[in-house]
Amino acid sequence: MRVKKEFVVKEHEGFRLRVEAQECLAPKGLISLNFVQECLNTKGDVDFSSTYNFFMTKEEIEGLCEGLKQV
């Protein structure tokens, strides 16, 4: 069973960034990452969203995290 992990990176009035991660069935060793940008209306509901999908290995994700820490 594949488990989908999801967390909110940033949320402000009118904006939210979420990340969804799920291991791919094939090829083995790849993880599907969705960066979901949501624009929220004044009620806090999603007006529209954009999703950016990347397929990365755990090592590539670790490199991304390390690179972001250095910014």
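I count two strands as paired if DSSP finds at least two bridges between them. With that settled, I opened the model, which is predicted.

**Entry 1**

I found an open sheet of four strands in the order 1-2-3-4, and the pairing is antiparallel. Which strands sit at the edges? I got strand 1 (4-12) and strand 4 (46-56), each pairing on one side only.

**Entry 2: strand 1 against strand 2**

Next I went through the pairing of strand 1 with strand 2, which covers residues 15-23. How many bridges join these two? I noted eight, with the strands running antiparallel. Then I checked who faces whom across this pair. V8 stands opposite R18 of strand 2, and K4 stands opposite Q22, also in strand 2.

I then looked at the hairpin that these two strands make. It has two residues between the strands, and G14 takes a positive phi near 90° there.

**Entry 3: strand 2 against strand 3**

I moved on to the pairing of strand 2 with strand 3 (31-40). I found nine bridges here, again in the antiparallel sense. I wrote down one partner: A21 is bridged to L33 in strand 3.

**Entry 4: the helix**

Where does helix 1 lie? I see helix 1, residues 58-69, lying across strand 3 and strand 4. I noted its direction too: helix 1 runs at about 120° to strand 4.

**Entry 5: a nonpolar patch**

Last, I looked at the surface. L64, L68 and V71 form a nonpolar patch there, and together they have about 330 Å² of accessible area. I placed L64 in helix 1. Why does L64 count as partly exposed? Its relative accessibility is 32%, and I call a residue partly exposed when it falls between the buried limit, under 20%, and the exposed limit, over 50%. So I logged L64 as partly exposed.

Note on methods. Residues are numbered from 1 along each chain as its sequence is written. This is a predicted model: local features need pLDDT of at least 70, side-chain atom pairs count only at pLDDT 80 or more; totals for chains, interfaces and linings use all residues. Side-chain values use heavy atoms; hydrogens and water are left out. Contact means heavy atoms within 4.5 Å. Axes are lines fitted to C-alpha atoms, for helices over the stretch in contact, and angles run from 0 to 180 degrees between N-to-C directions. Patches are made of residues with over 30% relative accessible area and no salt bridge: like charges are joined within 9 Å, nonpolar side chains (Val, Leu, Ile, Met, Phe, Trp, Tyr) within 5 Å. Accessible areas come from the Shrake-Rupley method with a 1.4 Å probe; for residues, only the protein chains shown count as cover. A salt bridge is a side-chain nitrogen of Lys or Arg within 4 Å of a carboxyl oxygen of Asp or Glu. Buried means under 20% relative accessible area, exposed over 50%, partly exposed in between (1.4 Å probe, protein chains only).
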